Amino acid sequence: MNYRHAFHAGNHADVLKHVVLGCVLRHLNLKDKGWRFVDTHAGAGGYALHGRYARQKAEFADGIGRLWERHDLPEPVAAHVELVRRFNPSGRLDQYPGSPAIAQMLMRPQDQLRLFELHPTDHRILAAYLGHAPGVEVHSGDGFAGLKGQLPPPTRRGGALLDPSYEGHGDYVKVVATLRDALSRHADGTYLVWYPQVTKLEATQLPRRLEAVAPKGWLHARLTVGRPDAQGFGLAGSGMFVINPPYTLRAQLATTLPWLTDALAQVDEASYVLDERTA
């Protein structure tokens, strides 16, 4: 309950997460039939980059800040930056859209968005922002539990994003258990899991554990841009694990990840991983 994403909004991890999210939702939009997408840990929906939280470490400067003025962006990154520009009608980089805002900007009249947030302040902000938007429902509660009631979607199209804070150890276990249940309810859904690259055994083991619950195929993308500090703390990078990924996703990320590695590198040994197993 202490975690606030506002401290980290727009950083390199958000860039990776939201580029992948955009690729997945745009692929779903290729068919006219509507989709339902669930964000289990939605946060506040949008963040002031010059507010007191984001200003403390200004992590956005080494994330979206490095991309804002560039004109050589690969298509998936350019599409993401265009959404961020839509979120900043002044033309200045003042605000950063969270996953709910990105999904809402990409949804169509026939689509549904279901947002869960447990933190009372963030839920209040999210509900004020998107609670009355067409096709959107904002729920106060545990998204791990809430996902069960949203599956399968009425159209049998859609999926979910799971990106808890991972502040404790329990979230790693809950992610795997929640996905097992989700796949039993909607085996063909596309499920996106964000995870931090930190010096925790659970974080290292999570991709392998997710592989075991994805019999129809998966894609794993990881972006490493930094290194932990002398005490072993800090976010060196992050990963996105996609169960039942769109067939187009690997090709999109094969060109995007090397470019992002160079653009967002904070150390010489910055690197990326892109693995896939098809059904």
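1. Ala, Val, Leu, Ile, Met, Phe, Trp, Tyr, Cys and Pro count as nonpolar, Asp, Glu, Lys and Arg as charged, and the others, Gly among them, as polar. On that scheme, the lining of the second largest pocket comprises six nonpolar, six polar and four charged residues. A pocket is an open set of points on a 1 Å grid where a 1.4 Å probe fits, with protein on both sides within 12 Å along at least five of seven lines; lining residues have an atom within 4 Å of a point.

2. This is a predicted model, in which local features need pLDDT of at least 70 and side-chain atom pairs count only at pLDDT 80 or more, whereas totals for chains, interfaces and linings use all residues. Residues are numbered from 1 along each chain, and side-chain values use heavy atoms, without hydrogens and water.

3. The volume of the second largest pocket is about 330 Å³. Of its 16 lining residues, His 27, Leu 28, Arg 157, Asp 188 and Thr 190 are the closest to its centre.

4. Helix α3 (residues 75–86) packs against helix α4 (residues 99–106) at about 100 degrees, their axes 11 Å apart. The two are therefore roughly perpendicular (65 to 115 degrees). His 80, Leu 83 and Arg 86 of α3 meet Ile 102, Met 105 and Leu 106 of α4 in this contact (heavy atoms within 4.5 Å).

5. The count of aromatic pairs (ring centres within 6.5 Å) is four. Phe 87 and Tyr 129 form an edge-to-face pair (planes over 60 degrees apart), 6.2 Å centre to centre with 70 degrees between the planes.

Key: Grid points are joined across faces, edges and corners, and a volume is the space filled by probe spheres set on the points. Axes are lines fitted to C-alpha atoms, for helices over the stretch in contact, and angles run from 0 to 180 degrees between N-to-C directions. Helices (H or I, at least four residues) and strands (E, at least two) are DSSP runs, numbered from the N terminus. Angles under 35 degrees count as roughly parallel, over 145 as roughly antiparallel, 65 to 115 as roughly perpendicular and the rest as oblique. Rings of Phe, Tyr and Trp (its six-membered ring) pair if their centres lie within 6.5 Å; planes under 30 degrees apart count as stacked, over 60 as edge-to-face and the rest as tilted.
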